Amino acid sequence: MQIPEQVNNLLDMLESAGYEAYVVGGCVRDSIMGVTPHDYDITTSALPEETERVFSGMKLIETGLKHGTVTVLSEGCPVEITTYRVDGEYLDSRRPESVSFTRSLKEDIARRDFTINGIAYSPRHGLVDEFGGAEDIRRGVIRCIGCPEKRFREDALRILRGLRFAVSLGFDIEENTAHAMLDNRELLRNISVERVFSELSGLLTGRNSDRNIRRIMSRFRDIFAVIIPELRECFDFEQHSKYHFLDVYEHSLMAAENAARISKGCENRLALTLAMLLHDIGKPQCFSRGEDGEGHFYGHAKISADIADTVLRRLKCSNALRERVYAIVKYHDIQMTNSDSLIRKHLSKFGEQVYCDIALAHAADDLAKNSPYRGRSDGYFHIVEQAHRLAAESCFTLKSLAVDGKALCGLVPPSPLMGETLKYLLSGVIDGAFPNEREFLLQEAAKYIAKRNKL
């Protein structure tokens, strides 16, 4: 295992002072899987005050001191160093009532969540794997350390954390662990919604979410119904539609998976994937069937957007993300064509960012439908390209218009007619009828004002 020099130096300093020290957790797991870790955590037999003495010449952050954690800034890089510990009793399914320190690495590892996160390593001693984590990584399995029931009763958020790992790593959930997750799902109500939403976000945007959202969220759907009860109505809700081969819930999962793939590496990944998870959540409320038996969901986009807004407010996500998801869901089924004129109008209404999100939502949606309709997705990717081109070369707001109220003062005094004239000019530019050039627009303004004055 390759450890950055500054982290290796911290291990050496602790060991030279007579203490055990290992990197532990996600950095070891990722290294075994051939993935470069983003950060490193150290666990040590040194008590917190002993750790502080070892690093007395360095900048220390003591925010986690009562839980045994000292953060050391090594060459500007923060590294958490935590004393081996044993957790006390858990009474609220969130945090231990007390923490006691131990000199035993095995006791420290035994309190952790999953075997894949319970492997320690030091350059001097190699891997320490008391609970078979390396073998579980090889097999691609998420398994609790010790009794799964106990692990989830201690901290119910571990249920979502395990599902996030399964999606991100592409692993399966070991059967006893899976049963305990499902049996203890109601304990998630004890967890703060902020922590719940953070895990859900990580699940939807993990490195392999584009291949594993449906697999995990389908098998463990009763857990996700605790987080978002509104999803339950979508379970097994047949659409009876020529467009669809999946029920509402499974279609939404497939669309979310498509969104994660389409937006991989992009800043809009969470907004788009979350929107596709929720884009049809209102369908059961507005289902009807025609005389031919075909299913219809008139008005479902607006209803789904309102439900999505309620869900995201309850989960306390940021206003910016909530508003972006709301717009994508509300307009995910609007008509879209490759007409420059229509794209300009949509860019004016939605802005470039949200309009492109809506186009990608169309693509993700179609890719989760019957095969004749999947081929339409390429057209939406072309619309996104057109939108970027038009946005770069066109004017969509009064602020970008080549004339303003001051330029029109010689033609019309400040008045409702001035505002009306500016909107008329902007509409002409958006439609492609007028170039966004000052002299041309002033001439058109004069014509428009003269015409209006004659009425």
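Biologist: What is the volume of the second largest pocket?

Modeller: In this predicted model, the second largest pocket has a volume of about 550 Å³.

Biologist: What makes a residue part of its lining, and which residues lie nearest the centre of the second largest pocket?

Modeller: A lining residue has an atom within 4 Å of a point of the pocket. For the second largest pocket, 24 residues line it, and Tyr243, His244, His300, Asp333 and Lys369 lie nearest its centre. Strand 13 (295-296), helix 14 (300-314) and helix 17 (352-366) are the elements that give two or more residues to this lining. Helix 17 gives the most, with three residues.

Biologist: How do the residues of this lining divide into nonpolar, polar and charged?

Modeller: The lining of the second largest pocket has six nonpolar, nine polar and nine charged residues.

Biologist: What is the volume of the largest pocket, and which residues lie nearest its centre?

Modeller: The volume of the largest pocket is about 1,400 Å³. Its lining holds 44 residues, and those nearest the centre are Asp41, Glu80, Arg112, Asp113 and Arg161. Asp, Glu and Arg count as charged, so these five residues are charged. The whole lining of the largest pocket divides into nine nonpolar, 15 polar and 20 charged residues.

Biologist: Which element supplies the largest share of that lining?

Modeller: Helix 7 does, with seven residues. Among the other elements that supply at least two residues each are strand 2 (41-44) and strand 5 (77-83).

Biologist: What joins strand 1 to strand 2, and in which sense do they run?

Modeller: Four bridges join strand 1 (residues 21-24) to strand 2, and the two run antiparallel. Asp41 in strand 2 is the bridge partner of Val24.

Biologist: Why is Ala446 called partly exposed?

Modeller: The relative accessible area of Ala446 is 32%. Buried means under 20% and exposed means over 50%; Ala446 lies in between and is therefore partly exposed. Ala446 is found in helix 22 (residues 438-454).

Biologist: How many residues separate Ala446 and Leu411 in sequence, and what is the distance in space?

Modeller: Ala446 and Leu411 are 35 residues apart in sequence, and 6.5 Å apart in space from C-alpha to C-alpha.

How values were computed
Residues numbered from 1 in each chain as written. Predicted model: local features only at pLDDT ≥ 70, side-chain atom pairs only at ≥ 80, totals over all residues. Heavy atoms only, no water. Buried < 20%, exposed > 50% of the residue type's maximum accessible area, 1.4 Å probe, protein only. 1 Å grid on protein atoms, 1.4 Å probe; cavity = no way out; pocket = protein on both sides within 12 Å on 5 of 7 lines; lining within 4 Å. Points joined across faces, edges and corners; volume = space filled by probe spheres on them. Pairing = 2+ DSSP bridges.
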